[in-house]
Amino acid sequence: MIKVSNLYKSFNGKPVLEDISVTFKPGITNLIIGRSGSGKTVLLKSIVGLHDIEAGEIWYENTLFNKLNFVGKKLIRSEMGMLFQGSALFDSLTVEQNVLFPLEMFTDKTQEEKIERVNFCLNRVDIINANHLFPSELSGGMKKRVAIARAIALNPKYLFCDEPNSGLDPITAILIDALIKELTEEYSMTTIVNTHDMNSVMEIGEKILFISDGRKCWEGNKNDILNSDNETLNDFVFANSLAKKLRTSGK
Amino acid sequence: MIKFLSQLGLYFILLKKVFSKPEKPVLYYKQTMREFVYLGLNSIGIIVIISFFMGAVITLQTAYNTENPIYPKYLIGLGCRDSMILEFSSTVAALILAGKIGSNIASEIGTMRVTEQIDALEIMGVNSASYLILPKLIATLFFNPVLTLVGIVVGIFGGWIAGTLSGVITSENFIYGIQYAFIPYYIVYSLIKTVFFAFIITSVSAFQGYYVTGGSLDVGRASTKAVVYSSILILLFNVILTQVLLS
C-alpha cells in the first residue's frame, strides 16, 4: 500500500501539486488521470522519489519514504518497477540484456537462473524470439512490453506506469492495459498508472484519482466516473463529440 | 556569478556521486572495458592521422624557418621532438579529443537523460552518476596517456618521413636531432598534463550531459557546451600546469 498525505510540490516557486492526499491499495490498478500538464507525471515521479517534495508525506506500507536517505530509498526502490512513457529501454543493450540488467545488478543468481527468469518475464509479456534484438528494432508496443518485462524482473511489490498507452494503437493499448491488470492481480502489486486515455479508465480503472491544475479533484472507480456530477471531471471524461452525444442521448 | 557558483556546486555534487561505492563492481568492470574500446581504442585512428601530419608540418616549418647555415640541421629533429612531446601530443591532442569524446559523452548521457533511461536506472536503485560516468573516467584516465605516447611516436615518425622525403634534412641528422639533449622528464610532464586533461574532458562533458533538460535540441547544446568548456579549461590548466611542472 502507498499512502500520500498533503503532498506539495513546486517548480521555481510555482505550485505544480497542492494538497494531494490519496491511498493506493495492492492488487488493484490505481489510475491517476487528468489533462496534459495537470501534474500527473510530477505526482508519479514524486511518489517514486525522482522529484523531491516540499511538503507532505509519502508512505510505503509503514515507511515514510520521502524522509529516507539514499540508502533507505534504495531498499524501497529494489521493490519498485516502472514503465516509462517512452519505455526508457537502454539503447545499447539487447532485449535480453535490458531485462537481465536489474537481475545482474541486484541478485546473486547463477547465469542460468537469470536467463531463465529473463525468458519467463519475456514470455509473460508475449515477447518471443526477440531476445537479441535492440530497442531500435522493436515496434512501440513491443518496447512497452519489454519495459514491463524489465519492470517485473525482480518481482516488485510496486509497479508504476507513466502513460503506458501513449503512441500505441487502440488494440495494442488494450492489450497493454490487460497485461498490467493481469500482472497486478497475479502478483498482488500496488500498481499506479498515469493516463489520460479514457479507454484505459473504462478497462482497468478499479481506483481512479482525477487531478486538475495540480489539485485532487475527484476520486472513485470506473463505475462511478460516468455518473459523477463533478463538472471538471465531466469536461474531461466527455471531451470528445461521440462521448458528448452518448451522454446527451442518455446511453 | 550566482549561476556560475551553483553550476560549480552541482559539478562537485555530481563528482561526489560518481566516486561513491559501486553497487556491483563486476558490472562496472564490464562497463569500463566497453569504454576502453569506445573512448580509447576508437580514438587511436584520429590521433595517429593528426599526429603524423602535425609532425610533418612542424618539421617542414622548422626547416624553412632555419635555413641560415649557422643553425645545425639536427635542430629540425630536435624541434619536432620537443614540440610533439611538450605541447602537441598532450594539449593539442586533448583539444581534439575534447571534440571527439567530449561531445560523444555529453550526447550519450544527455540522450539517456531526456529519454528517461537515467530515471529508469535511479528507479532500480542504481547510482546512475557512478554507473555511467565512473567507467568513462577510468577509461580516459588510463587510456589517454597511451594516446599521448602514440601521438609522440607517430608525430616524430611523420616529421622524419616529411623531412627526408622533401630533402630538407637527412635521415641521420633527424635521428641525431631527436636524440640530442633529450630530457626524459618532458615525457612525464606531458603524461601528467594528459591525465588532468582527460579528467577535465570526461567530467565536464558528463556534467553537461547529466543535467540536460528538454529534448534533442538541448542535448545538442549540451554537447557544444561540453566541447567549449572543456577546451577553455584545458587551455587554462595548460598554463597552470606548465608553470607548476616546468618552473
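1. Helices α3(B) and α4(B) cross in a right-handed manner; a crossing is called left-handed if the near helix is turned anticlockwise from the far one by less than a right angle, and right-handed if clockwise. The axes of α3 (residues 44-65) of chain B and α4(B) come within 9 Å and cross at roughly 140°. Axes here are lines fitted to C-alpha atoms, for helices over the stretch in contact, with angles from 0 to 180 degrees between N-to-C directions. Helices (H or I, at least four residues) and strands (E, at least two) are DSSP runs, numbered from the N terminus.

2. On the α3(B) side, the residues that make this contact include B:Ile46, B:Ile50, B:Met54, B:Ile58 and B:Thr62. Among those of α4(B) are B:Ile76, B:Cys80, B:Met84, B:Phe88 and B:Lys100. Two residues are taken to be in contact if their C-beta atoms, placed from the backbone, lie within 7 Å. By class, the residues of the contact of α3(B) with α4(B) are 12 nonpolar, seven polar and one charged. Ala, Val, Leu, Ile, Met, Phe, Trp, Tyr, Cys and Pro count as nonpolar, Asp, Glu, Lys and Arg as charged, and the others, Gly among them, as polar.

3. On provenance, this is a predicted model, in which local features need pLDDT of at least 70 and side-chain atom pairs count only at pLDDT 80 or more, while totals for chains, interfaces and linings use all residues. Residues are numbered from 1 along each chain as its sequence is written, and chains are lettered from A and ligands numbered from 1 in the order in which they are written.

4. Chain B has nine helices and zero strands. Its C-alpha trace spans about 70 × 40 × 35 Å along the principal axes. Of its 247 residues, 44% are buried, where buried stands for 20 or more other C-beta atoms within 10 Å of the residue's own, exposed for 12 or fewer and partly exposed for values in between, with C-beta atoms placed from the backbone. Of the contacts in chain B between residues at least 6 apart in sequence, 88% join residues at least 24 apart.

5. The largest nonpolar core has 123 residues, and A:Met82, A:Val99, A:Ala149, A:Phe160 and B:Ile201 have the most contacts inside it. Such a core is a set of buried Ala, Val, Leu, Ile, Met, Phe, Trp, Tyr and Cys residues joined through C-beta atoms within 7 Å. Helix α4 (residues 74-114) of chain B gives the most to this core, with 15 residues. Domain 1 (2-79 + 157-248) and domain 2 (89-155) of chain A each supply at least three residues to this core. Leaving aside residues up to four places away in sequence, B:Ile201 touches B:Ala94, B:Leu97, B:Ala98, B:Ile101, B:Gly102, B:Thr140 and B:Ser230.

6. In chain A, domain bounds come from an automatic or database domain assignment. The C-alpha centres of domain 1 and domain 2 of chain A lie 25 Å apart. Their contact takes 10 residues from domain 1 and 10 residues from domain 2. Helix α6 (residues 170-187) of chain A gives the most to the side of domain 1 that touches domain 2, with five residues. That side of domain 1 has seven nonpolar, three polar and no charged residues.

7. Helix α1 (residues 40-47) of chain A is mostly covered, with seven of its eight residues buried. The buried residues are A:Lys40, A:Thr41, A:Val42, A:Leu43, A:Leu44, A:Ser46 and A:Ile47.

8. Two residues of chain A other than glycine deserve a check of the backbone. Phi of A:Asn129 is near 55°, a positive value, and A:Asn129 is in the loop between α4 (111-124) and α5 (140-152) of chain A. A:Asn129 counts as exposed because it has 7 C-beta neighbours inside 10 Å. A:Asp213 has a positive phi of about 50° and is in the loop between β9 (207-212) and β10 (215-220) of chain A. With 15 C-beta neighbours inside 10 Å, A:Asp213 counts as partly exposed.

9. B:Val37 is in helix α2 (residues 25-40) of chain B. B:Val37 is exposed, with 11 other C-beta atoms within 10 Å. B:Val37 and B:Arg113 are 76 residues apart in sequence and 23 Å apart in space, C-alpha to C-alpha.
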